[in-house]
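Hi everyone, thanks for coming.

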Amino acid sequence: MSRTYYVFLLFIFLLIANSCKSTEFSGFDYDPEGGEVTTDREITPQKVRSIGSTVDGVWISNEFPGARVNDVIRVDENHYRLVIDPENHPINNSAWYGFKIWSDERKTITLELQYPESRHRYSPQISTDNGESWKNISETEHTINTDSDSGIATLTLSTGPERIWVSAQELHTTRQYSQWEKELMQKPFVQKSVAGYSHQGRPISLLKIAQRSLRPEKGVVIMYGRQHPPEVPGYIAGLRFLEIISADTPLAKEFRDRFDVWAFPLMNPDGADNGHWRHNAGGVDLNRDWQALNQPETRAVTDALKPLLNRPNRTVYYGIDFHSTSSNIFYPIEKDEDTFPLHFTYSWHEALTEALPNVEVRNLPYDTTSPIAKNWTFHTFGSDAVTFEVSDDMTGEELETYATTAAKIFMEKMIEAYDNNVAPAAQLD
Ligand SMILES: [Zn+2]
């Protein structure tokens with residue numbers, strides 16, 4: 001056969017191999033070229049400032065944690081273009097933005113959100129109480145129009161002297177996280193420690209839910225959150241899981257009697273505070289660094305977890321890595337792998353979809369080769385694990401129902417798995 005023919009066959013093979021891959025991030029296919037390199041890359045910090053026009057009396061500011069606006073250009077009277085760029089390139093299209101806007105007089109302002117090398121993605125959330133509460137723009141007097149060709153979004157805002165906050169998702173930076181954490185630590189069985197520090201020196205919190213138990217052996221569930229800064233719905237789902245597991249309910253008490261939880265709810269605090277699209281302050285996608293462990297955040301978390309390998313009375317049962325994307329997805333480990341508990345994710349997913357028949361939750365198994373948190377958990381502990389993706393577009397109420405139901409069924413199924421594995425004390429002899 002000719003050489004050309006071999007090249008042709010190879011081409012066809014690659015074409016088929018590629019078309020079989022899923023569109024999300026369990027493999028490299030979702031990444032821009034070079035996304036798998038996790039040594040430090042330079043990032044370009046945005047200029048932090050309040051800027052505006054004295055002619056129009058209009059002001060725009062990115063002077064708060066989580067904000068992102070790289071430039072402001074006056075196009076016309078009361079018409080501005082906001083240039084939004086990521087922390088570095090290449091990067092996938094998680095086009096985060098966040099700013100405050102106000103005007104000396106009441107007026108209508110046109111704002112174009114322009115992403116020079118990307119496209120508009122997130123439907124704006126609006127706050128008029130300094131970021132305390134948020135509403136989707138569709139529930140407000142303001143409007144948005146997105147041009148599908150250019151990827152530019154045009155906002156029409158009614159402004160006045162009061163600050164209007166506009167953000168790609170509800171703002172949840174280290175400030176809000178600390179408040180939330182303090183609340184949870186009111187529970188006597190919740191302990192906090194610092195697993196390590198981020199590139200810019202922010203603490204990586206480890207929260208342990210560890211209720212006293214008379215059982216000689218307990219299971220451990222690991223939770224990871226917010227590796228990707230814009231994925232706030234997934235992160236909030238993670239916080240709700242921890243609240244529900246810590247609640248004063250019979251189910252939660254039964255669960256805590258059998259399991260400890262080790263949670264890292266905010267793994268990328270630099271990214272969250274700097275309004276990053278995806279990376280940490282080392283310019284790297286943390287959820288591609290679970291083999292090389294080049295970044296301080298992934299090293300801190302894995303170093304904190306490794307001692308579990310030497311604790312005979314603590315067995316890791318499961319890992320959940322919370323993310324969000326365009327829809328609800330479970331990414332389980334493929335069924336040809338023998339996980340412990342065996343294929344837990346599949347039975348959890350099935351029970352959840354039965355409990356919420358009107359909510360679509362896809363189940364997309366993936367192989368265990370990619371350097372992501374789920375696979376590190378499986379390869380290190382042999383336990384089952386999932387990448388738990390929550391839809392970007394859920395309302396607060398939908399997210400509450402989804403997270404609450406998922407957490408409740410998770411606890412029920414985990415209790416079952418524990419009881420099937422560990423013989424009750426009375427039957428030991
Ligand atoms: Zn993600």
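Let's begin with proline 90, which sits in the loop between strand E4 (79-83) and strand E5 (98-103). Helices (H or I, at least four residues) and strands (E, at least two) are DSSP runs, numbered from the N terminus. Residues themselves are numbered from 1 along each chain as its sequence is written. Please keep in mind that this is a predicted model: local features need pLDDT of at least 70, side-chain atom pairs count only at pLDDT 80 or more, and totals for chains, interfaces and linings use all residues.

Another cis bond links phenylalanine 340 to proline 341, with omega about -10°. Proline 341 belongs to the loop between strand E17 (328-332) and helix H7 (344-355).

That loop between E17 and H7 also holds histidine 343, whose phi is positive, near 55°. Asparagine 130 has a positive phi near 55° too, and its place is the loop between strand E7 (125-127) and strand E8 (135-136). Why mention these? Most residues other than glycine have a negative phi, and most peptide bonds are trans.

Finally, the overall layout. An automatic or database domain assignment divides the chain into domain 1 (50-167) and domain 2 (174-421). Their C-alpha centres are 32 Å apart. Across the boundary, 15 residues of domain 1 contact 16 residues of domain 2, where contact means C-beta atoms, placed from the backbone, within 7 Å.

Terms used. Contact = placed C-beta atoms within 7 Å.
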